[in-house]
Amino acid sequence: MHGRTRDADRADEPHFGVFQAMYRASLKRPSDGAQWTGITTRLAERLMETGAVQAVLTMTADPNDRWRPVPVLITKASDLAKCRGMRMGYAPLLQLLEPARDQGIKRLAVIGIPCQVYALRALEAELGFEKLYVIGTPCSDNTTTENFHEFLALIDPTPERVTYLEFRADYHVEVRYADAPKREIPFLMLPLSKLRADFFPLTCRTCVDYTNTLADITVGYMGGQGEQWLLVRNQRGAELLGLLGNEVTLHSPGSAGKRAGPVKGFLKNTERAAGGLPLRNMPNWLRPIVGWLMPRMGPRGLEFARARVEMKAIETVLHLRRNEPRRLKSMVPDHIWPLVKPYGLSPTSKEEKL
Ligand SMILES: Cc1cc2nc3c(=O)[nH]c(=O)nc-3n(C[C@H](O)[C@H](O)[C@H](O)COP(=O)(O)OP(=O)(O)OC[C@H]3O[C@@H](n4cnc5c(N)ncnc54)[C@H](O)[C@@H]3O)c2cc1C
(Lines give C-alpha, C1' and ligand atoms only; values in the text may rest on other atoms or scores of the structure.)
Protein backbone atom coordinates (compact mmCIF):
# COMPACT_ATOMS: atom_id res chain seq x y z
CA MET A 1 0.00 0.00 0.00
CA HIS A 2 2.96 2.36 0.23
CA GLY A 3 4.66 1.13 -2.97
CA ARG A 4 7.90 0.32 -1.15
CA THR A 5 9.30 -1.05 2.10
CA ARG A 6 11.03 1.04 4.76
CA ASP A 7 14.24 2.73 3.61
CA ALA A 8 17.04 1.72 5.98
CA ASP A 9 19.05 4.82 5.03
CA ARG A 10 16.32 7.40 5.55
CA ALA A 11 16.27 8.95 9.02
CA ASP A 12 13.55 7.43 11.20
CA GLU A 13 12.07 4.98 8.68
CA PRO A 14 13.83 2.02 10.33
CA HIS A 15 12.01 2.97 13.54
CA PHE A 16 8.64 4.33 12.39
CA GLY A 17 8.08 2.65 9.00
CA VAL A 18 7.46 4.23 5.57
CA PHE A 19 6.34 7.85 5.68
CA GLN A 20 6.14 10.82 3.32
CA ALA A 21 5.89 13.47 6.03
CA MET A 22 5.88 13.66 9.81
CA TYR A 23 4.36 16.41 11.99
CA ARG A 24 3.64 17.63 15.49
CA ALA A 25 -0.03 18.59 15.13
CA SER A 26 -3.16 19.82 16.91
CA LEU A 27 -6.69 20.68 15.93
CA LYS A 28 -7.15 24.42 16.46
CA ARG A 29 -10.48 23.61 18.14
CA PRO A 30 -10.04 20.35 20.05
CA SER A 31 -13.08 18.07 19.87
CA ASP A 32 -15.01 17.40 23.09
CA GLY A 33 -14.36 13.95 24.48
CA ALA A 34 -11.34 13.31 22.25
CA GLN A 35 -8.30 11.49 23.58
CA TRP A 36 -5.99 14.31 22.43
CA THR A 37 -7.39 17.00 20.13
CA GLY A 38 -9.48 14.56 18.07
CA ILE A 39 -7.58 14.50 14.77
CA THR A 40 -8.45 10.81 14.34
CA THR A 41 -12.21 11.11 14.47
CA ARG A 42 -12.17 14.50 12.70
CA LEU A 43 -10.43 12.90 9.69
CA ALA A 44 -13.22 10.32 9.60
CA GLU A 45 -15.89 13.03 9.94
CA ARG A 46 -14.37 14.92 7.01
CA LEU A 47 -14.38 11.76 4.88
CA MET A 48 -18.10 11.41 5.54
CA GLU A 49 -18.89 15.12 5.15
CA THR A 50 -17.19 15.23 1.75
CA GLY A 51 -18.81 11.98 0.58
CA ALA A 52 -15.45 10.28 0.13
CA VAL A 53 -16.77 7.35 2.17
CA GLN A 54 -20.24 6.01 2.98
CA ALA A 55 -19.28 4.58 6.37
CA VAL A 56 -16.57 4.46 9.04
CA LEU A 57 -15.72 1.32 10.97
CA THR A 58 -14.39 2.08 14.45
CA MET A 59 -15.07 1.55 18.18
CA THR A 60 -17.56 3.11 20.50
CA ALA A 61 -17.99 2.46 24.24
CA ASP A 62 -20.16 -0.22 25.79
CA PRO A 63 -23.24 1.59 27.23
CA ASN A 64 -22.57 -0.03 30.63
CA ASP A 65 -18.78 0.41 30.71
CA ARG A 66 -17.04 3.46 29.26
CA TRP A 67 -13.73 1.55 29.08
CA ARG A 68 -14.99 -1.38 27.02
CA PRO A 69 -14.60 -0.98 23.23
CA VAL A 70 -17.46 -2.11 20.99
CA PRO A 71 -17.14 -2.20 17.18
CA VAL A 72 -19.53 0.09 15.32
CA LEU A 73 -20.25 0.94 11.69
CA ILE A 74 -20.94 4.68 11.54
CA THR A 75 -23.02 6.00 8.66
CA LYS A 76 -23.66 9.57 9.94
CA ALA A 77 -20.73 11.95 10.48
CA SER A 78 -22.24 13.36 13.68
CA ASP A 79 -22.24 9.88 15.26
CA LEU A 80 -18.43 9.86 15.29
CA ALA A 81 -18.58 12.09 18.37
CA LYS A 82 -19.58 9.06 20.47
CA CYS A 83 -16.48 7.16 19.30
CA ARG A 84 -13.93 9.69 20.57
CA GLY A 85 -11.51 8.76 23.33
CA MET A 86 -9.35 5.76 24.15
CA ARG A 87 -10.73 2.55 25.63
CA MET A 88 -8.60 -0.31 26.90
CA GLY A 89 -9.57 -3.70 25.65
CA TYR A 90 -10.00 -5.98 22.69
CA ALA A 91 -13.05 -6.08 20.47
CA PRO A 92 -13.54 -7.72 17.08
CA LEU A 93 -13.52 -4.61 14.88
CA LEU A 94 -13.18 -6.47 11.60
CA GLN A 95 -16.22 -8.67 12.13
CA LEU A 96 -18.31 -5.76 10.75
CA LEU A 97 -16.45 -5.69 7.41
CA GLU A 98 -18.59 -8.33 5.72
CA PRO A 99 -21.90 -6.90 7.02
CA ALA A 100 -20.72 -3.49 5.71
CA ARG A 101 -20.03 -4.93 2.28
CA ASP A 102 -23.30 -6.88 2.31
CA GLN A 103 -25.28 -3.72 2.98
CA GLY A 104 -23.80 -2.16 -0.16
CA ILE A 105 -21.01 -0.01 1.31
CA LYS A 106 -18.34 0.45 -1.36
CA ARG A 107 -16.29 3.29 0.08
CA LEU A 108 -15.19 2.73 3.66
CA ALA A 109 -12.81 4.17 6.26
CA VAL A 110 -11.45 2.09 9.12
CA ILE A 111 -9.88 3.45 12.31
CA GLY A 112 -7.78 0.80 13.99
CA ILE A 113 -4.87 -0.11 16.22
CA PRO A 114 -1.95 -1.94 14.55
CA CYS A 115 -3.13 -5.55 15.02
CA GLN A 116 -6.51 -4.65 13.52
CA VAL A 117 -4.94 -2.82 10.58
CA TYR A 118 -2.55 -5.70 9.93
CA ALA A 119 -5.48 -8.13 9.58
CA LEU A 120 -7.45 -5.59 7.54
CA ARG A 121 -4.62 -5.28 5.01
CA ALA A 122 -4.45 -9.06 4.72
CA LEU A 123 -8.17 -9.16 3.86
CA GLU A 124 -8.33 -5.96 1.79
CA ALA A 125 -8.04 -7.50 -1.69
CA GLU A 126 -10.68 -10.17 -1.17
CA LEU A 127 -13.14 -7.72 0.42
CA GLY A 128 -13.19 -5.71 -2.78
CA PHE A 129 -14.15 -2.23 -1.48
CA GLU A 130 -13.85 0.45 -4.19
CA LYS A 131 -12.07 2.74 -1.73
CA LEU A 132 -10.62 1.99 1.67
CA TYR A 133 -9.07 4.69 3.87
CA VAL A 134 -7.08 3.44 6.84
CA ILE A 135 -6.55 5.75 9.80
CA GLY A 136 -4.27 4.11 12.35
CA THR A 137 -3.29 4.97 15.89
CA PRO A 138 -0.12 3.64 17.50
CA CYS A 139 -0.54 1.12 20.30
CA SER A 140 2.10 0.13 22.81
CA ASP A 141 0.21 -2.47 24.79
CA ASN A 142 -3.41 -3.41 25.26
CA THR A 143 -5.05 -5.66 27.82
CA THR A 144 -8.50 -6.95 28.67
CA THR A 145 -10.99 -4.38 29.94
CA GLU A 146 -11.24 -6.49 33.13
CA ASN A 147 -7.48 -6.15 33.72
CA PHE A 148 -7.70 -2.44 33.03
CA HIS A 149 -10.35 -2.08 35.75
CA GLU A 150 -7.92 -3.74 38.19
CA PHE A 151 -5.28 -1.18 37.21
CA LEU A 152 -7.73 1.72 37.71
CA ALA A 153 -8.61 0.41 41.18
CA LEU A 154 -4.91 0.37 42.10
CA ILE A 155 -4.24 3.96 41.06
CA ASP A 156 -7.46 5.52 42.32
CA PRO A 157 -9.63 4.98 45.41
CA THR A 158 -12.77 5.81 43.36
CA PRO A 159 -12.05 4.26 39.95
CA GLU A 160 -15.68 4.66 38.82
CA ARG A 161 -15.14 8.45 38.77
CA VAL A 162 -12.28 8.28 36.25
CA THR A 163 -13.37 9.56 32.84
CA TYR A 164 -10.03 9.74 31.02
CA LEU A 165 -6.61 8.15 31.26
CA GLU A 166 -3.48 8.56 29.15
CA PHE A 167 0.12 7.38 29.43
CA ARG A 168 1.71 10.64 28.27
CA ALA A 169 5.07 11.07 26.57
CA ASP A 170 6.28 13.21 29.51
CA TYR A 171 6.43 10.09 31.72
CA HIS A 172 3.16 10.82 33.50
CA VAL A 173 -0.21 9.13 33.53
CA GLU A 174 -2.95 11.74 33.29
CA VAL A 175 -6.20 10.86 35.05
CA ARG A 176 -9.32 13.02 34.63
CA TYR A 177 -12.62 13.02 36.50
CA ALA A 178 -16.04 14.49 35.74
CA ASP A 179 -16.15 16.24 39.11
CA ALA A 180 -12.57 16.89 40.27
CA PRO A 181 -9.28 18.35 39.01
CA LYS A 182 -7.06 16.04 36.97
CA ARG A 183 -4.14 14.09 38.49
CA GLU A 184 -0.73 13.54 36.91
CA ILE A 185 1.08 10.48 38.26
CA PRO A 186 4.78 9.97 37.37
CA PHE A 187 5.31 6.56 35.71
CA LEU A 188 7.78 5.66 38.47
CA MET A 189 5.08 6.03 41.10
CA LEU A 190 2.68 3.59 39.40
CA PRO A 191 1.94 0.44 41.45
CA LEU A 192 3.24 -1.84 38.67
CA SER A 193 4.60 -4.40 41.12
CA LYS A 194 0.98 -5.08 42.19
CA LEU A 195 -0.10 -6.03 38.66
CA ARG A 196 -0.16 -9.66 37.59
CA ALA A 197 2.87 -10.73 35.50
CA ASP A 198 0.67 -11.44 32.48
CA PHE A 199 -1.21 -8.12 32.71
CA PHE A 200 -0.19 -7.49 29.11
CA PRO A 201 -0.57 -10.67 27.04
CA LEU A 202 2.35 -12.16 25.15
CA THR A 203 0.81 -11.05 21.85
CA CYS A 204 1.18 -7.38 22.87
CA ARG A 205 4.59 -7.86 24.45
CA THR A 206 5.86 -9.35 21.19
CA CYS A 207 4.17 -6.84 18.87
CA VAL A 208 6.52 -5.41 16.24
CA ASP A 209 4.22 -2.71 14.88
CA TYR A 210 3.92 -0.06 17.58
CA THR A 211 3.53 2.79 15.05
CA ASN A 212 0.86 1.19 12.85
CA THR A 213 3.05 1.11 9.76
CA LEU A 214 0.37 -0.23 7.41
CA ALA A 215 -2.07 2.65 7.94
CA ASP A 216 -2.41 5.43 5.34
CA ILE A 217 -1.91 7.91 8.17
CA THR A 218 -0.86 7.27 11.76
CA VAL A 219 -2.25 9.61 14.43
CA GLY A 220 -0.56 9.28 17.81
CA TYR A 221 1.12 11.37 20.47
CA MET A 222 4.41 9.79 21.42
CA GLY A 223 6.62 11.89 19.11
CA GLY A 224 4.49 15.02 19.62
CA GLN A 225 5.99 16.59 22.77
CA GLY A 226 2.59 17.36 24.26
CA GLU A 227 0.82 17.64 20.91
CA GLN A 228 -0.31 14.93 18.51
CA TRP A 229 2.10 13.14 16.18
CA LEU A 230 1.20 12.48 12.55
CA LEU A 231 2.89 10.16 10.07
CA VAL A 232 1.55 10.60 6.55
CA ARG A 233 2.54 7.31 4.94
CA ASN A 234 1.24 7.47 1.36
CA GLN A 235 -0.84 9.53 -1.10
CA ARG A 236 -4.09 8.48 0.52
CA GLY A 237 -2.71 9.66 3.88
CA ALA A 238 -1.80 13.00 2.28
CA GLU A 239 -5.34 13.25 0.88
CA LEU A 240 -6.71 12.60 4.38
CA LEU A 241 -4.60 15.31 6.01
CA GLY A 242 -5.58 17.70 3.20
CA LEU A 243 -9.23 17.29 4.26
CA LEU A 244 -8.47 19.13 7.52
CA GLY A 245 -7.40 22.31 5.69
CA ASN A 246 -6.64 25.07 8.16
CA GLU A 247 -8.44 23.31 11.03
CA VAL A 248 -5.09 21.80 11.94
CA THR A 249 -1.78 23.36 13.04
CA LEU A 250 1.30 21.54 11.77
CA HIS A 251 4.92 21.86 12.96
CA SER A 252 8.10 19.85 12.46
CA PRO A 253 8.51 17.40 15.30
CA GLY A 254 11.23 18.17 17.86
CA SER A 255 13.73 15.83 19.46
CA ALA A 256 15.86 16.08 22.60
CA GLY A 257 17.75 13.95 25.13
CA LYS A 258 19.49 10.63 24.54
CA ARG A 259 17.73 7.30 24.46
CA ALA A 260 20.64 4.85 24.81
CA GLY A 261 20.79 4.92 28.66
CA PRO A 262 17.06 4.48 29.32
CA VAL A 263 16.76 1.77 26.64
CA LYS A 264 19.71 -0.16 28.15
CA GLY A 265 18.08 0.19 31.59
CA PHE A 266 14.83 -1.18 30.17
CA LEU A 267 16.67 -4.16 28.67
CA LYS A 268 18.23 -4.99 32.05
CA ASN A 269 14.92 -4.62 33.90
CA THR A 270 13.12 -6.79 31.35
CA GLU A 271 15.78 -9.50 31.69
CA ARG A 272 15.56 -9.31 35.47
CA ALA A 273 11.75 -9.50 35.45
CA ALA A 274 12.06 -12.97 33.88
CA GLY A 275 8.86 -12.76 31.86
CA GLY A 276 6.95 -10.39 34.18
CA LEU A 277 6.59 -6.60 33.99
CA PRO A 278 9.93 -4.75 33.86
CA LEU A 279 10.15 -3.06 37.26
CA ARG A 280 12.85 -0.57 38.09
CA ASN A 281 15.26 -1.52 40.82
CA MET A 282 15.12 1.78 42.71
CA PRO A 283 14.54 2.73 46.34
CA ASN A 284 11.18 4.41 47.00
CA TRP A 285 12.72 7.68 48.23
CA LEU A 286 14.49 8.15 44.88
CA ARG A 287 11.39 7.63 42.75
CA PRO A 288 9.85 11.12 43.05
CA ILE A 289 13.22 12.71 42.25
CA VAL A 290 13.87 10.60 39.16
CA GLY A 291 10.18 11.04 38.24
CA TRP A 292 10.77 14.82 38.27
CA LEU A 293 14.00 14.57 36.29
CA MET A 294 12.78 12.25 33.50
CA PRO A 295 10.53 14.73 31.63
CA ARG A 296 13.34 17.31 31.80
CA MET A 297 16.39 15.16 31.02
CA GLY A 298 15.06 11.96 29.43
CA PRO A 299 14.46 11.43 25.71
CA ARG A 300 11.74 13.75 24.38
CA GLY A 301 9.85 14.17 21.10
CA LEU A 302 11.12 11.89 18.33
CA GLU A 303 13.88 10.60 20.61
CA PHE A 304 11.19 9.40 23.04
CA ALA A 305 9.31 7.69 20.18
CA ARG A 306 12.54 6.01 18.99
CA ALA A 307 13.26 4.86 22.55
CA ARG A 308 9.79 3.31 22.91
CA VAL A 309 10.05 1.53 19.53
CA GLU A 310 13.44 0.10 20.54
CA MET A 311 12.07 -0.98 23.92
CA LYS A 312 9.21 -2.80 22.20
CA ALA A 313 11.68 -4.49 19.83
CA ILE A 314 13.81 -5.61 22.78
CA GLU A 315 10.73 -6.95 24.57
CA THR A 316 9.76 -8.91 21.48
CA VAL A 317 13.12 -10.68 21.26
CA LEU A 318 13.44 -11.36 25.00
CA HIS A 319 9.88 -12.61 25.49
CA LEU A 320 9.94 -14.82 22.41
CA ARG A 321 13.30 -16.29 23.42
CA ARG A 322 11.86 -17.08 26.82
CA ASN A 323 8.34 -18.23 25.92
CA GLU A 324 8.25 -19.28 22.27
CA PRO A 325 11.83 -19.74 21.06
CA ARG A 326 10.80 -21.86 18.07
CA ARG A 327 8.52 -19.12 16.79
CA LEU A 328 11.12 -16.37 16.93
CA LYS A 329 12.43 -17.05 13.44
CA SER A 330 9.03 -16.48 11.85
CA MET A 331 7.72 -13.80 14.22
CA VAL A 332 10.60 -11.32 14.19
CA PRO A 333 10.71 -9.41 10.91
CA ASP A 334 14.07 -8.33 9.51
CA HIS A 335 13.71 -4.66 10.44
CA ILE A 336 13.69 -5.49 14.17
CA TRP A 337 17.25 -6.82 14.40
CA PRO A 338 19.05 -3.54 13.49
CA LEU A 339 16.96 -1.76 16.17
CA VAL A 340 18.15 -4.09 18.94
CA LYS A 341 21.73 -4.58 17.72
CA PRO A 342 23.16 -1.52 19.55
CA TYR A 343 22.00 -3.18 22.80
CA GLY A 344 23.88 -6.41 22.15
CA LEU A 345 21.00 -8.50 20.77
CA SER A 346 21.55 -10.38 17.51
CA PRO A 347 19.93 -13.48 16.06
CA THR A 348 21.60 -16.79 16.86
CA SER A 349 22.11 -19.16 13.94
CA LYS A 350 18.84 -20.92 14.88
CA GLU A 351 16.95 -17.63 14.98
CA GLU A 352 18.13 -16.35 11.62
CA LYS A 353 15.67 -16.45 8.74
CA LEU A 354 16.59 -18.87 5.96
C1 LIG B 1 -4.93 0.40 23.69
C2 LIG B 1 -4.34 1.65 23.08
C3 LIG B 1 -2.99 1.98 23.31
C4 LIG B 1 -2.43 3.13 22.74
N5 LIG B 1 -1.10 3.41 22.94
C6 LIG B 1 -0.55 4.49 22.34
C7 LIG B 1 0.84 4.78 22.48
O8 LIG B 1 1.55 4.07 23.18
N9 LIG B 1 1.35 5.85 21.82
C10 LIG B 1 0.57 6.67 21.04
O11 LIG B 1 1.08 7.63 20.47
N12 LIG B 1 -0.74 6.43 20.91
C13 LIG B 1 -1.32 5.37 21.52
N14 LIG B 1 -2.66 5.12 21.37
C15 LIG B 1 -3.48 6.07 20.59
C16 LIG B 1 -3.91 7.30 21.41
O17 LIG B 1 -4.50 6.89 22.62
C18 LIG B 1 -4.96 8.17 20.70
O19 LIG B 1 -6.04 7.41 20.33
C20 LIG B 1 -4.44 8.81 19.47
O21 LIG B 1 -3.37 9.63 19.81
C22 LIG B 1 -5.53 9.60 18.76
O23 LIG B 1 -5.98 10.70 19.52
P24 LIG B 1 -7.20 11.58 18.96
O25 LIG B 1 -7.55 12.67 19.93
O26 LIG B 1 -6.89 11.95 17.56
O27 LIG B 1 -8.36 10.46 18.96
P28 LIG B 1 -9.96 10.54 18.98
O29 LIG B 1 -10.45 11.50 17.94
O30 LIG B 1 -10.43 10.69 20.38
O31 LIG B 1 -10.31 9.06 18.43
C32 LIG B 1 -9.84 7.90 19.06
C33 LIG B 1 -10.17 6.74 18.15
O34 LIG B 1 -9.59 5.54 18.70
C35 LIG B 1 -10.59 4.50 18.68
N36 LIG B 1 -10.34 3.58 19.80
C37 LIG B 1 -10.46 3.84 21.13
N38 LIG B 1 -10.18 2.75 21.85
C39 LIG B 1 -9.88 1.75 20.97
C40 LIG B 1 -9.52 0.38 21.11
N41 LIG B 1 -9.40 -0.20 22.32
N42 LIG B 1 -9.29 -0.33 19.99
C43 LIG B 1 -9.41 0.23 18.77
N44 LIG B 1 -9.74 1.54 18.57
C45 LIG B 1 -9.99 2.28 19.66
C46 LIG B 1 -11.90 5.26 18.87
O47 LIG B 1 -12.99 4.48 18.46
C48 LIG B 1 -11.67 6.50 18.00
O49 LIG B 1 -11.99 6.23 16.67
C50 LIG B 1 -3.24 3.98 21.94
C51 LIG B 1 -4.59 3.65 21.70
C52 LIG B 1 -5.14 2.49 22.25
C53 LIG B 1 -6.59 2.16 21.97
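The model is predicted, so local features need a pLDDT of at least 70 and side-chain atom pairs count only at pLDDT 80 or more, while totals for chains, interfaces and linings use all residues. Residues are numbered from 1 along each chain as its sequence is written.

Let's start with the domains, whose bounds come from an automatic or database domain assignment.

| Domain | Residues |
|---|---|
| domain 1 | 13-142 + 200-253 |
| domain 2 | 256-343 |

Their C-alpha centres lie 26 Å apart. Where they meet, 15 residues of domain 1 are in contact with 22 residues of domain 2; contact here means that the C-beta atoms of two residues, placed from the backbone, lie within 7 Å. On the domain 1 side, helix H1 (13-16) and helix H6 (202-205) each bring at least two residues. H1 gives the largest share, three residues. Helices are DSSP runs of H or I with at least four residues, strands are runs of E with at least two, and both are numbered from the N terminus.

What about Lys182? You'll find Lys182 in the loop between strand S7 (172-177) and strand S8 (183-186). Is Lys182 buried or exposed? Lys182 is exposed because it has 10 other C-beta atoms within 10 Å; the cut-offs are 12 or fewer for exposed, 20 or more for buried, and partly exposed in between, with C-beta atoms placed from the backbone. Not counting residues up to four places away in sequence, Lys182 touches Glu174, Val175 and Arg176. Leu250 is 68 residues from Lys182 along the chain, and their C-alpha atoms are separated by 27 Å.
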